[in-house]
Amino acid sequence: MSMDTSSLSQHLQGVQQRISQACKQADRPRQSVQLLAVSKRKPAADIAALAAAGQRSFGENYLHEALDKMAQLAPLALDWHFIGPVQSNKTRAIAEHFAWVHSVDRIKLASRLSAQRPDALPALNLCVQVNISAEPSKSGVAVEHTLALCQAIHALPRLRLRGLMCIPAPASPGQPQSAFAAMRKLLGKLQQQGLPLDTLSMGMSGDLEAAIAEGATIVRVGTDLFGARNG
Ligand SMILES: *Cc1c(COP(=O)(O)O)cnc(C)c1O
(Lines give C-alpha, C1' and ligand atoms only; values in the text may rest on other atoms or scores of the structure.)
Protein backbone atom coordinates (compact mmCIF):
# COMPACT_ATOMS: atom_id res chain seq x y z
CA MET A 1 0.00 0.00 0.00
CA SER A 2 1.32 3.43 -0.73
CA MET A 3 1.24 6.34 1.65
CA ASP A 4 -0.07 9.83 1.03
CA THR A 5 2.41 12.49 0.01
CA SER A 6 1.93 14.79 2.96
CA SER A 7 2.61 12.03 5.53
CA LEU A 8 5.74 11.00 3.67
CA SER A 9 6.98 14.55 3.58
CA GLN A 10 6.23 14.94 7.32
CA HIS A 11 8.13 11.73 8.06
CA LEU A 12 11.07 13.05 6.06
CA GLN A 13 11.07 16.30 8.03
CA GLY A 14 10.93 14.35 11.30
CA VAL A 15 13.88 12.13 10.39
CA GLN A 16 15.87 15.14 9.13
CA GLN A 17 15.23 16.85 12.47
CA ARG A 18 16.45 13.81 14.38
CA ILE A 19 19.63 13.79 12.29
CA SER A 20 20.17 17.52 12.87
CA GLN A 21 19.63 17.14 16.60
CA ALA A 22 22.00 14.15 16.80
CA CYS A 23 24.67 16.11 14.89
CA LYS A 24 24.30 19.04 17.28
CA GLN A 25 24.58 16.68 20.25
CA ALA A 26 27.72 15.12 18.80
CA ASP A 27 29.19 18.50 17.82
CA ARG A 28 29.31 17.49 14.17
CA PRO A 29 28.32 19.55 11.11
CA ARG A 30 24.87 18.62 9.77
CA GLN A 31 26.26 18.01 6.31
CA SER A 32 28.60 15.29 7.62
CA VAL A 33 25.64 12.87 7.74
CA GLN A 34 23.67 11.76 4.70
CA LEU A 35 20.21 10.19 4.85
CA LEU A 36 19.72 7.06 2.75
CA ALA A 37 16.00 6.29 2.40
CA VAL A 38 15.55 2.50 2.46
CA SER A 39 12.68 1.78 0.08
CA LYS A 40 12.63 -2.04 -0.03
CA ARG A 41 9.14 -3.46 -0.46
CA LYS A 42 7.71 0.04 -0.94
CA PRO A 43 6.09 1.14 -4.21
CA ALA A 44 7.66 3.50 -6.74
CA ALA A 45 4.92 6.02 -5.96
CA ASP A 46 6.22 6.40 -2.38
CA ILE A 47 9.76 6.92 -3.66
CA ALA A 48 8.51 9.55 -6.12
CA ALA A 49 6.68 11.34 -3.29
CA LEU A 50 9.77 11.39 -1.09
CA ALA A 51 11.85 12.58 -4.05
CA ALA A 52 9.38 15.42 -4.57
CA ALA A 53 9.97 16.37 -0.92
CA GLY A 54 13.71 16.62 -1.61
CA GLN A 55 15.16 13.15 -0.90
CA ARG A 56 17.70 12.02 -3.55
CA SER A 57 19.32 8.80 -2.26
CA PHE A 58 17.47 5.50 -1.96
CA GLY A 59 18.60 2.10 -0.72
CA GLU A 60 17.28 -1.21 -2.08
CA ASN A 61 17.88 -4.81 -0.95
CA TYR A 62 16.38 -6.93 -3.73
CA LEU A 63 17.76 -6.61 -7.25
CA HIS A 64 14.71 -7.35 -9.39
CA GLU A 65 12.44 -5.18 -7.31
CA ALA A 66 15.00 -2.38 -7.46
CA LEU A 67 15.45 -2.59 -11.24
CA ASP A 68 11.71 -2.42 -11.71
CA LYS A 69 11.38 0.74 -9.62
CA MET A 70 14.47 2.31 -11.21
CA ALA A 71 12.94 1.88 -14.64
CA GLN A 72 9.71 3.53 -13.51
CA LEU A 73 11.57 6.42 -11.87
CA ALA A 74 14.38 6.89 -14.40
CA PRO A 75 13.40 10.50 -15.27
CA LEU A 76 13.99 11.53 -11.64
CA ALA A 77 17.73 10.66 -11.86
CA LEU A 78 17.92 9.45 -8.24
CA ASP A 79 21.00 8.01 -6.50
CA TRP A 80 20.58 4.27 -5.93
CA HIS A 81 22.46 2.29 -3.27
CA PHE A 82 22.43 -1.51 -3.12
CA ILE A 83 22.34 -2.59 0.55
CA GLY A 84 21.17 -6.23 0.41
CA PRO A 85 23.13 -9.47 0.21
CA VAL A 86 25.15 -9.57 -3.05
CA GLN A 87 25.00 -12.83 -4.99
CA SER A 88 27.63 -13.62 -7.64
CA ASN A 89 25.06 -13.97 -10.41
CA LYS A 90 23.70 -10.48 -9.65
CA THR A 91 26.94 -8.50 -9.72
CA ARG A 92 26.67 -7.46 -13.38
CA ALA A 93 23.27 -5.83 -12.98
CA ILE A 94 24.37 -4.20 -9.73
CA ALA A 95 27.53 -2.83 -11.38
CA GLU A 96 25.46 -1.47 -14.27
CA HIS A 97 22.66 0.20 -12.30
CA PHE A 98 23.82 1.40 -8.88
CA ALA A 99 26.00 4.28 -7.67
CA TRP A 100 26.91 2.56 -4.39
CA VAL A 101 27.06 -0.95 -2.91
CA HIS A 102 27.20 -1.15 0.91
CA SER A 103 27.22 -4.88 1.41
CA VAL A 104 30.38 -6.46 -0.03
CA ASP A 105 32.11 -8.96 2.22
CA ARG A 106 34.23 -11.09 -0.15
CA ILE A 107 36.99 -10.26 -2.63
CA LYS A 108 35.35 -12.43 -5.30
CA LEU A 109 32.27 -10.18 -5.32
CA ALA A 110 34.38 -7.03 -5.41
CA SER A 111 36.47 -8.37 -8.33
CA ARG A 112 33.35 -9.14 -10.31
CA LEU A 113 31.83 -5.71 -9.61
CA SER A 114 35.07 -4.02 -10.70
CA ALA A 115 35.34 -6.08 -13.90
CA GLN A 116 31.66 -5.53 -14.73
CA ARG A 117 31.41 -1.80 -13.99
CA PRO A 118 30.71 -0.12 -17.35
CA ASP A 119 33.49 2.20 -18.58
CA ALA A 120 30.98 4.96 -19.24
CA LEU A 121 30.09 5.19 -15.53
CA PRO A 122 32.24 6.61 -12.72
CA ALA A 123 33.85 4.11 -10.33
CA LEU A 124 31.34 2.22 -8.19
CA ASN A 125 31.32 3.48 -4.59
CA LEU A 126 31.70 0.59 -2.21
CA CYS A 127 31.52 -0.19 1.51
CA VAL A 128 32.71 -3.38 3.12
CA GLN A 129 30.11 -4.96 5.37
CA VAL A 130 31.57 -5.97 8.73
CA ASN A 131 30.08 -8.64 11.00
CA ILE A 132 30.79 -6.32 13.92
CA SER A 133 28.78 -8.30 16.48
CA ALA A 134 30.54 -11.54 15.41
CA GLU A 135 27.23 -13.35 14.90
CA PRO A 136 27.57 -16.88 13.53
CA SER A 137 26.34 -17.30 9.93
CA LYS A 138 25.66 -13.57 9.45
CA SER A 139 26.82 -11.56 6.44
CA GLY A 140 29.90 -9.42 6.79
CA VAL A 141 33.64 -9.93 7.05
CA ALA A 142 35.14 -10.67 10.47
CA VAL A 143 36.83 -7.70 12.14
CA GLU A 144 40.26 -9.36 11.98
CA HIS A 145 40.01 -9.90 8.21
CA THR A 146 38.73 -6.43 7.36
CA LEU A 147 42.09 -4.75 6.72
CA ALA A 148 43.27 -7.40 4.24
CA LEU A 149 39.95 -7.33 2.38
CA CYS A 150 39.95 -3.52 2.20
CA GLN A 151 43.53 -3.46 0.89
CA ALA A 152 42.66 -5.96 -1.83
CA ILE A 153 39.54 -4.01 -2.83
CA HIS A 154 41.42 -0.69 -2.81
CA ALA A 155 43.64 -2.10 -5.58
CA LEU A 156 40.72 -2.79 -7.94
CA PRO A 157 40.41 -0.26 -10.76
CA ARG A 158 36.70 0.35 -11.20
CA LEU A 159 35.73 0.59 -7.53
CA ARG A 160 36.07 3.45 -5.09
CA LEU A 161 36.34 1.98 -1.62
CA ARG A 162 34.60 4.47 0.69
CA GLY A 163 34.38 2.75 4.07
CA LEU A 164 32.51 0.29 6.25
CA MET A 165 28.92 -0.76 6.82
CA CYS A 166 27.30 -2.82 9.59
CA ILE A 167 23.98 -4.20 10.78
CA PRO A 168 24.74 -4.93 14.44
CA ALA A 169 22.91 -7.42 16.61
CA PRO A 170 20.31 -5.60 18.72
CA ALA A 171 21.70 -4.37 22.03
CA SER A 172 20.40 -6.31 25.02
CA PRO A 173 17.97 -4.42 27.26
CA GLY A 174 19.81 -1.99 29.54
CA GLN A 175 23.07 -2.48 27.62
CA PRO A 176 24.24 0.33 25.35
CA GLN A 177 25.03 -0.65 21.76
CA SER A 178 28.82 -1.04 21.60
CA ALA A 179 29.02 -2.01 17.92
CA PHE A 180 29.05 1.57 16.62
CA ALA A 181 32.06 2.49 18.75
CA ALA A 182 33.84 -0.64 17.52
CA MET A 183 33.12 0.41 13.91
CA ARG A 184 34.56 3.86 14.52
CA LYS A 185 37.71 2.32 15.97
CA LEU A 186 38.06 -0.10 13.04
CA LEU A 187 37.66 2.69 10.48
CA GLY A 188 40.35 4.69 12.29
CA LYS A 189 42.70 1.73 12.16
CA LEU A 190 42.19 1.32 8.40
CA GLN A 191 42.75 5.05 7.84
CA GLN A 192 46.00 4.81 9.82
CA GLN A 193 47.09 2.08 7.41
CA GLY A 194 46.74 4.59 4.60
CA LEU A 195 43.33 3.68 3.19
CA PRO A 196 41.52 6.88 2.14
CA LEU A 197 38.14 6.05 3.69
CA ASP A 198 35.43 8.60 4.50
CA THR A 199 32.27 6.56 5.13
CA LEU A 200 30.60 4.76 8.02
CA SER A 201 27.23 3.39 6.90
CA MET A 202 25.42 2.59 10.14
CA GLY A 203 22.29 3.45 12.08
CA MET A 204 18.66 2.68 11.14
CA SER A 205 15.24 3.92 12.28
CA GLY A 206 15.71 2.77 15.87
CA ASP A 207 19.30 3.76 16.52
CA LEU A 208 20.41 6.52 14.17
CA GLU A 209 21.26 8.86 17.08
CA ALA A 210 23.66 6.34 18.65
CA ALA A 211 25.29 5.76 15.25
CA ILE A 212 25.75 9.47 14.59
CA ALA A 213 27.31 9.88 18.05
CA GLU A 214 29.95 7.34 16.93
CA GLY A 215 30.66 8.90 13.56
CA ALA A 216 28.08 7.51 11.10
CA THR A 217 28.22 9.40 7.80
CA ILE A 218 25.30 7.54 6.15
CA VAL A 219 22.23 6.48 8.14
CA ARG A 220 19.90 4.00 6.43
CA VAL A 221 16.28 4.65 7.39
CA GLY A 222 13.27 2.68 6.15
CA THR A 223 10.43 2.27 8.65
CA ASP A 224 10.46 5.80 10.08
CA LEU A 225 10.16 7.25 6.55
CA PHE A 226 7.87 4.83 4.71
CA GLY A 227 6.03 3.11 7.57
CA ALA A 228 6.14 -0.56 8.52
CA ARG A 229 6.85 -3.11 5.78
CA ASN A 230 4.57 -6.04 5.05
CA GLY A 231 5.90 -9.58 5.25
C1 LIG B 1 15.77 -2.68 5.94
C2 LIG B 1 17.13 -2.14 6.16
C3 LIG B 1 17.35 -0.89 6.76
C4 LIG B 1 16.23 -0.01 7.29
O5 LIG B 1 15.77 -0.48 8.51
P6 LIG B 1 14.60 0.30 9.30
O7 LIG B 1 14.67 -0.28 10.66
O8 LIG B 1 13.32 0.01 8.57
O9 LIG B 1 14.94 1.75 9.30
C10 LIG B 1 18.66 -0.44 6.87
N11 LIG B 1 19.70 -1.17 6.42
C12 LIG B 1 19.54 -2.38 5.84
C13 LIG B 1 20.72 -3.13 5.35
C14 LIG B 1 18.25 -2.89 5.69
O15 LIG B 1 18.11 -4.11 5.13
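Which side chain has an N or O atom 2.9 Å from a nitrogen atom of the ligand? In this predicted model, it is that of Arg 220. The model carries residue numbers that start from 1 along each chain as its sequence is written. Local features need pLDDT of at least 70, side-chain atom pairs count only at pLDDT 80 or more, and totals for chains, interfaces and linings use all residues, while side-chain values use heavy atoms, with hydrogens and water left out.

For Asn 61 the distance is 2.7 Å, and for Thr 223 a ligand oxygen lies at 2.5 Å.

The ligand is surrounded by 13 residues, the closest being Lys 40, Asn 61, Ser 205, Gly 222 and Thr 223; a residue is near the ligand if one of its heavy atoms lies within 4 Å. This shell comprises 6 nonpolar, 4 polar and 3 charged residues, where Asp, Glu, Lys and Arg count as charged and Gly is among the polar residues. The space that the ligand takes is the largest pocket, a pocket being an open set of points on a 1 Å grid over the protein atoms alone, where a 1.4 Å probe fits, with protein on both sides within 12 Å along at least five of seven lines.

The whole structure contains 0 disulfides (pairs of cysteine sulfur atoms within 2.5 Å). For Cys 150, the nearest cysteine sulfur belongs to Cys 127 and is 9.4 Å away. Cys 150 is buried, with a relative accessible area of 0% (buried means under 20%, with a 1.4 Å probe and protein chains only). Cys 166 is likewise in no disulfide, and the sulfur of Cys 127, its nearest, is 11 Å away. Cys 166 is buried, at 0% relative accessible area.

Note on methods:
Polar contact = N/O pair within 3.5 Å; in protein donor to acceptor, adjacent residues only side chain to side chain. 1 Å grid on protein atoms, 1.4 Å probe; cavity = no way out; pocket = protein on both sides within 12 Å on 5 of 7 lines; lining within 4 Å. Sits in = over half its atoms within 2 Å of the grid points. Buried < 20%, exposed > 50% of the residue type's maximum accessible area, 1.4 Å probe, protein only.
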